[in-house]
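Hi,

Here is the structure I promised to pass on. Have a look at it first, and my notes on its packing follow below.

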Amino acid sequence: MEILDKLAVLADAAKYDASCASSGAPKRKAAADGLGSTTGAGICHAYTPDGRCVSLLKILLTNYCLFDCAYCINRRSSNVPRARFTVDEVVALTLGFYKRNMIEGLFLSSGIVRSADHTMEQLMRVAKTLRREHGFAGYIHLKTIPEASPWLIEQAGLWADRLSINLELPTAAGLSRLAPEKSDTTIREAMGHMHARITEARAERRRFSPAGQSTQVIVGADAATDTDILTASDGLYRRFKLNRVYYSAFSPIDHASGLLPPKPPPLAREHRLYQADWLLRHYAFSVDEIASTSADNMLDLDIDPKLAWALKNRGAFPIDVNTAPKEMLLRVPGLGARAVDKIVAARRHTTLRAADVARLTVSFRRAAPFLITLDHRPGALTDRADLRARVAPPKQLSLL
């Protein structure tokens, strides 16, 4: 098979690995006089720890796989076209795209061939060859194999910027049902080893996966609720200090197992989970607080989790923007972390009015029912029965 044919197969197969902003985009292809497309194959965008958005060549080393996970299109029993890159081919592709200024790094994952150790060694050799033989200084993200030798994963961490291990499903029961050849215990042990190595390296000020580790959770393939998923994520953040948990809405596949749902979950569910995850990591919300806004442990798809919490806890509002602690300001719908920082800085020098807050955030209309300023008191507005309708974003109508 020609290398471009392999690229078509293995770049398309990599679209199920969520690690970038373009994951989940609907398929679009420009007409003859148009421009651009959103096909699965190609280059994705990811954010580095310093906030830069970088373009990554996103491919699999191979989509052959020894495992037969029911939710995976590259499972052993799937009849998809197969291809396999050599280490030298991935290195040549990466350098070629990089020298043409088309990418700033590489995202490399793989099915498991021959053995977990063999596959992990191939992944590690790609990164090592790029760094040592070609002086490649671009970003490298490697998806690692949890069943592989810890030594091989440690070697990979010497050359990659970020390592990740897929949790796959949020509960051990779900993994046992849909991927019985994988072990939740093995996955978490591998995450623990990686966390220990990253912590040691930072203490010793040496390079080892400097962008930390991340994972991916499939949403909607099993019966796990949003609370189950957020509980799993919260545990990973606390126990292994993961940088990110990526949520990937399950995509139905051809000739799928009867264990899987026939339809994908709404993409809005994936979006709400990302918003709730953000509240866990940056706004000091707990899983219980987020879960308390729903009776069935599923996030409200019509409004974001922060607004849902505020509407559920109206007794905590309104708060005075000039005196409220920062922790409470962060819980006001419409006020992001940057806006709150600006408010806290500004109120050291002046007493804020509504117009002042409106200049510091573009979402003052949403925040107004929950805030008091020198010249603004929402009064009974905070308790009105139609408050949700007043502050909820308008619903996008279908064009069809």
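Let me start with Leu335: beyond its neighbours within four places in sequence, Leu335 is in contact (heavy atoms within 4.5 Å) with Tyr283, Lys306, Leu329, Leu330, Val340, Ile343, Thr361, Ala367 and Leu371.

Before you read on, this is a predicted model, where local features need pLDDT of at least 70 and side-chain atom pairs count only at pLDDT 80 or more, while totals for chains, interfaces and linings use all residues. Residues are numbered from 1 along each chain as its sequence is written, and side-chain values use heavy atoms, with hydrogens and water left out.

Leu335 is also among the residues with the most contacts inside the largest nonpolar core, which has 112 residues. Such a core is a set of buried Ala, Val, Leu, Ile, Met, Phe, Trp, Tyr and Cys residues joined through side-chain atoms within 4.5 Å; buried means under 20% relative accessible area (1.4 Å probe, protein chains only). Helix H3 (residues 116–134) gives the largest share of this core, seven residues. Helices here are DSSP runs (H or I, at least four residues), numbered from the N terminus.

A second, separate core of seven residues includes Ala46, Phe107, Tyr139 and Ala211.

There is also a helix pair to look at: H1 (residues 3–13) and H2 (residues 87–99) pack at about 85°, with axes 12 Å apart. The axes are lines fitted to C-alpha atoms over the stretch in contact, with angles from 0 to 180 degrees between N-to-C directions. That makes H1 roughly perpendicular (65 to 115 degrees) to H2. Ile3, Lys6 and Leu7 of H1 meet Glu89, Leu93 and Phe97 of H2 in this contact.

Best wishes

Definitions and conventions:
Buried means under 20% relative accessible area, exposed over 50%, partly exposed in between (1.4 Å probe, protein chains only). Helices (H or I, at least four residues) and strands (E, at least two) are DSSP runs, numbered from the N terminus. Angles under 35 degrees count as roughly parallel, over 145 as roughly antiparallel, 65 to 115 as roughly perpendicular and the rest as oblique.
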